[in-house]
Amino acid sequence: MFSLKTLKQNLAEEINKHLPSPITADVFEYPPKPEMGDLALPCHGLQLTTKVEELKNKLEDFIAKNPYIKEIRIAGPYLNFILDKEKIAGEILTKKQLKSDNLNLKSKKVVIEYVSPNSNKPLHLGHVRNGLLGEALSNILELRGAKVIRTSLVNDRGIHIAKSMLAYQKFGYGETPATASQRKSEIRNPEADASRRYGTGPKSEEKFKSEILNLKSKTEKGDAFVGRYYVLFGEKAKENPSLLNEAYELLKKWEAGDKPTVALWKKMNNWALRGFDETFKNLGIKFDKIYFESQIYKKAKKRAAEYFKNKFLKKDEKGNIIANLAKFGLANKVVLRADGTSVYATNDIELAFQRAKDFKFDKMIYIVASEQDYYFKQLFKIFEVVGAPFVEKLFHLNYGLVLLPEGKLKSREGARVDADDLIEQLEKMLIIEAKKRHNNAAKRQNTTPANSPLHNIFQVPENERVAGVNWRGDGVKMASIKNLALAALKFYILQVDPKSELLFRPEESVSLLGRTGVYLEYAYARTQSILVEAKKRHNNAAKRQNTTPANSPLHNIFQVPENERVAGVNWRGDGVKMASINNLIMHLAKYEETIELSAKNLDPSDLALYLYDLAKKFNDFYETTPVLNAPESVRTQRILFIKKIAETFEQGMKLLGIKPLQRV
RNA sequence: CUCCUCGUAGUUCAAUGGAUAGAACAAGAGCCUUCUAAGCUCUGGAUGCAGGUUCGAUUCCUGCCGAGGAGACCA
């Protein structure tokens, strides 16, 4: 069975017979232009005892015997290999889609920690990037054969939680998510809303109180609800700094197990967590195990105190327990405050031990933004000096921050883009775009919008339109706008190298044209359209296959039909572009190594860009090469070709967490 | 001040030390009696500056300039 990887390895082995110092399979490159060849060996660096031509001659025998290589050409310092695309296509197209068996991560246990929110405010764009990365990586590693355990850590206790609790206690008047009104402007701009809504002084509080009492019952997302009180605390504390002390008092009460306080904490936490669940579900993020800081902080403090006995840990002059990292060129790190309260490190240390016990992992990947790089250096060093057995297995996968235009000039406490709101915005953009397309299509066809086949889309009430509408009245359910919006968002974020910062402009960034998730969906939908139509016409691929006598069932894929081969007789005036078919075949052949690369680099952007290329090449093919209307001699083969492309799209998109849509 | 990351078309992103630095958006011109025109084709535009290593540097090294992040018991 054909595999590019194997071919490269075989070729390298053969070439090494003629070289003084051996090469490896990864020195091969792909020529910049397909006309040059399919595989290239740059010979500049090789210590050739002979000339490039002589090497070429020495390889002739091997080439003659190798079924996949047709020819070698010399182009300056390069040796270019022309592969037999017909042969390769025959094997690739009948090959089953990549399975997780016999791949190199088989049975390795990988624990991933990602997202890890604070339960006092809703998820924002940074969490989205984190979550999408984690989910895509988990999927990719799973395909490579790993056993992936998706985990998260919720910071559900501490002073920040106490702040939102206090604000609710003082200014909540018993409001709940179920009674809260959810106005768009509030969600978009909670800060501005908070000051408008709550204002200052007793009068505005009275006003607000009566406002809540008169609210219609419309449920607000719990995390947004809780988040508003956290913001409110900030507002109020500015006027009245003593509120901070009150919040600390509340935290102490909580730690002491004061019943009403714990009850309030539970209530608000549940609201927030339910809100998170909804957002996670929307984004297609799921965890196998969620750790809560509230459940480990006591143990964590104990462990930190115990480790005080370790010679690398000591007390500083204030009484904090610190890890002495100076000799490693790092700043000392507090692992337990003098007053006995915990810091992040306290819990992270404990949690690592707990996870090691829970899962006995081979690899533990922390997906945390690069602003924590230094912290993780310190943390891992601590594990090293205390002799944690799993220290070699830990890995911090850092990703760049998501910046906003304002943040680029002046960051710090920049504005936040709310995750839920973002998805909603995208849906709206899609609906507007669809309407525009609809009108344009009508114009092109010289008909009024009302007579256009797309007309009915816009007769559907808005709320249903978002959920999903029917297409052409044929009863096939059109994919929901929401899925398209998610495809756009996910692709937009995942196409970027995780290490790069991501500049996000709320209005422009997630474009719906060009290199986008929508483009992918559109290309995939086109494959589906062909395949569905093929079935309709009773052009059953399997049936046809039996009638094809050639060695490979796909033998004919390259046979340009007689009438088209004759000079001047072209399809759509462009001619069937063999280059377009060949490009696609080589591209399909590269799928396996793309997945491998993504897994190795822990970088889904390789796969995302691969899929974009696939869509691009497919669209090129689509424009120039008829499938269903192709002459019978090649029709079946082309349908199978489309099927293979569709399968690759499906798997690749699913790995990125993008749901392939039958129709766009 | 120290450390980390990063400077590529107007903008958002590509390019295991290799061939003419690729796309997309934005602008203009074309293409539906044909498998979905959210598509396709054509036209311009870029490696911050200065050195170094190399047969060859966007990539590696040094310095400068610029951006972001971290260094504090702040979560």
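Predicted model: local features only at pLDDT ≥ 70, side-chain atom pairs only at ≥ 80, totals over all residues.

Colleague: Which residues of α11 are buried?
Modeller: Thr 261, Trp 265, Met 268, Asn 269, Trp 271, Ala 272, Gly 275, Phe 276, Thr 279, Phe 280 and Leu 283.

Colleague: And what comes just after α11?
Modeller: Gly 284. Gly 284 has a positive phi of about 75 degrees.

Colleague: New topic. What is the strand order in the 5-strand sheet?
Modeller: β6-β5-β4-β10-β11. The sheet is open, and the pairing is parallel.

Colleague: Which strands stand at the edges?
Modeller: β6 and β11, the latter covering 394-399. Each has a single partner strand, so one side of each lacks a neighbour in the sheet.

Colleague: How many degrees are neighbouring strands of this sheet turned against each other?
Modeller: 25 degrees on average, direction ignored.

Colleague: What does helix α13 touch on the sheet?
Modeller: Helix α13, residues 344-359, packs on the sheet and touches β4, β5, β6 and β10. The direction of α13 makes about 145 degrees with that of β4. Helix α14, residues 373-385, lies across β10 and β11. Against β11, α14 runs at about 180 degrees.

Colleague: Back to β5. Why is β5 described as largely enclosed?
Modeller: Because 6 of its 8 residues, in the stretch 147-154, are buried. The rest of the structure largely encloses β5.

Colleague: How many bridges join β4 to β5?
Modeller: 5, with the strands running parallel. Val 110 stands opposite Val 148 there. Between β4 and β5 the chain passes through helix α4, residues 125-143, in a right-handed β-α-β crossover.

Colleague: And how many bridges pair β5 with β6?
Modeller: 4, again in the parallel sense. Thr 151 stands opposite Lys 289 in β6.

Colleague: Now the 3-strand sheet. Is its pairing parallel or antiparallel?
Modeller: Antiparallel, in an open sheet ordered β1-β3-β2. The edge strands are β1 (39-42) and β2 (69-75), each pairing on one side only. Neighbouring strands here are turned by 20 degrees on average, direction ignored.

Colleague: How many bridges between β2 and β3?
Modeller: 6, in the antiparallel sense. Glu 71 stands opposite Ile 82 in β3.

Colleague: Which strands does helix α2 touch?
Modeller: β2 and β3. Helix α2, residues 52-65, packs on that sheet, its direction making about 180 degrees with that of β2.

Key
Residues numbered from 1 in each chain as written. Chains lettered and ligands numbered in written order. Buried ≥ 20, exposed ≤ 12 C-beta atoms within 10 Å, placed from the backbone. Helix = DSSP H or I, 4+ residues; strand = E, 2+ residues; numbered from the N terminus. Pairing = 2+ DSSP bridges. Right-handed = clockwise from strand over helix to strand, strands pointing away. Axes fitted to C-alpha atoms, helices over the stretch in contact; angles between N-to-C directions. Contact = placed C-beta atoms within 7 Å.
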